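Keep the viewer at hand as you read.

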Amino acid sequence: WANFLVHRDLEPPYVALVVSGGHTMLVHVPELHRHELLGQTLDDAAGEAFDKVARLLGLGFPGGPALDALASKGDPAAIRFPRAMEDSGDLDFSMSGLKTAVLRYLRGEQAAGRDVNAADVAASFQEAIVDVQVSKTIQAANETGVRTVLLGGGVVANTRLRDRIAEAGEARGLRVRYPPLELCTDNAAMIAAVGSARLARGERSSLDIPADPNLRLMT
């Protein structure tokens, strides 16, 4: 919904890739306020994986922006990390194996007494995540027949993901839209946007509703 704050001409149907510290999912939106979950991560979310690998590289927390910056100085083809579930045939994701692969690589290099090129590790790890997210998003658009793809969530601030998915969409005649960087991580703005839209539809909730971290997407 952060997209609707800047792209005023958006209309469904579309597929949304939602990637953050807590989510990695593909959602089909045939009409506003109606969601069909197409696939999601089976373990770690993309943002969580970025933060964990950033810590392995000594980049601190939150690690996403720092890893993105470091990756821009490295070779994304230097290390062939696994592309988990890229050819699974479904639209689900998995990140835990990739995170483990990075840890094993770093330990192996250390045990062998070799210096680690942190920029190459960051770029290669980032490329492994982006490859799968791009290919599955394009697959989702093809399977649903939509011509518009929206991106949302903090990981959409990643420059490599934005560039790669824009290129892939353009090559296939898809319209790809994502929020500006300042809105990718502004949870208040995106919640206010969808809240305003639901309020305009006449939806109301009592002020004593509890927080539910496991609440499902409303359909």
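Strands here are DSSP runs of E with at least two residues, helices are runs of H or I with at least four, and both are numbered from the N terminus. The phi of H33 is near 70 degrees, a positive value in a residue other than glycine. With a relative accessible area of 10%, H33 is buried; buried means under 20%, exposed over 50% and partly exposed in between, using a 1.4 Å probe and protein chains only.

A word on the ground rules: this is a predicted model, where local features need pLDDT of at least 70 and side-chain atom pairs count only at pLDDT 80 or more, while totals for chains, interfaces and linings use all residues. Residues are numbered from 1 along each chain as its sequence is written, and side-chain values use heavy atoms, with hydrogens and water left out.

Other backbone details are worth a stop. M85, in the loop between α2 and α3, also has a positive phi in a residue other than glycine, near 65 degrees. M85 counts as partly exposed, at 23% relative accessibility. In the segment before β1 (14-19) you will find P13, and a cis peptide bond with omega of about 10 degrees joins P12 and P13.

Now turn to the helices. Helix α1 (residues 46-56) has as its buried residues A46, G47, A49, F50, D51, V53 and A54. These buried residues pack against β1, β2, α2, α3 and α4, where contact means heavy atoms within 4.5 Å. Just after α1, G58 takes a positive phi of about 75 degrees.

How do α2 and α4 cross? The axes of helix α2 (residues 64-71) and helix α4 (residues 118-144) come within 8 Å and cross at roughly 110 degrees. That makes α2 roughly perpendicular to α4, a label for angles of 65 to 115 degrees, with under 35 counted as roughly parallel, over 145 as roughly antiparallel and the rest as oblique. The axes are lines fitted to C-alpha atoms, for helices over the stretch in contact, and angles run from 0 to 180 degrees between N-to-C directions. On the α2 side, L67, D68, L70 and A71 meet A118, A119, A122, A123, F125 and Q126 of α4. By class, this contact has eight nonpolar, one polar and one charged residues; Ala, Val, Leu, Ile, Met, Phe, Trp, Tyr, Cys and Pro count as nonpolar, Asp, Glu, Lys and Arg as charged, and the others, Gly among them, as polar.

In helix α3 (residues 96-111) lies E109, which counts as buried at 11% relative accessibility. Leaving aside residues up to four places away in sequence, E109 touches R114 and V116.

The largest cavity holds about 60 Å³; a cavity is a set of points on a 1 Å grid over the protein atoms alone where a 1.4 Å probe fits but cannot get out, and lining residues have an atom within 4 Å of a point. Grid points are joined across faces, edges and corners, and a volume is the space filled by probe spheres set on the points. The lining consists of R83, A84, F93, S94, M95, L98, A128, I129, V132 and Q133. Helix α4 gives the most to this lining, with four residues.

Technical notes: 1 Å grid on protein atoms, 1.4 Å probe; cavity = no way out; pocket = protein on both sides within 12 Å on 5 of 7 lines; lining within 4 Å.
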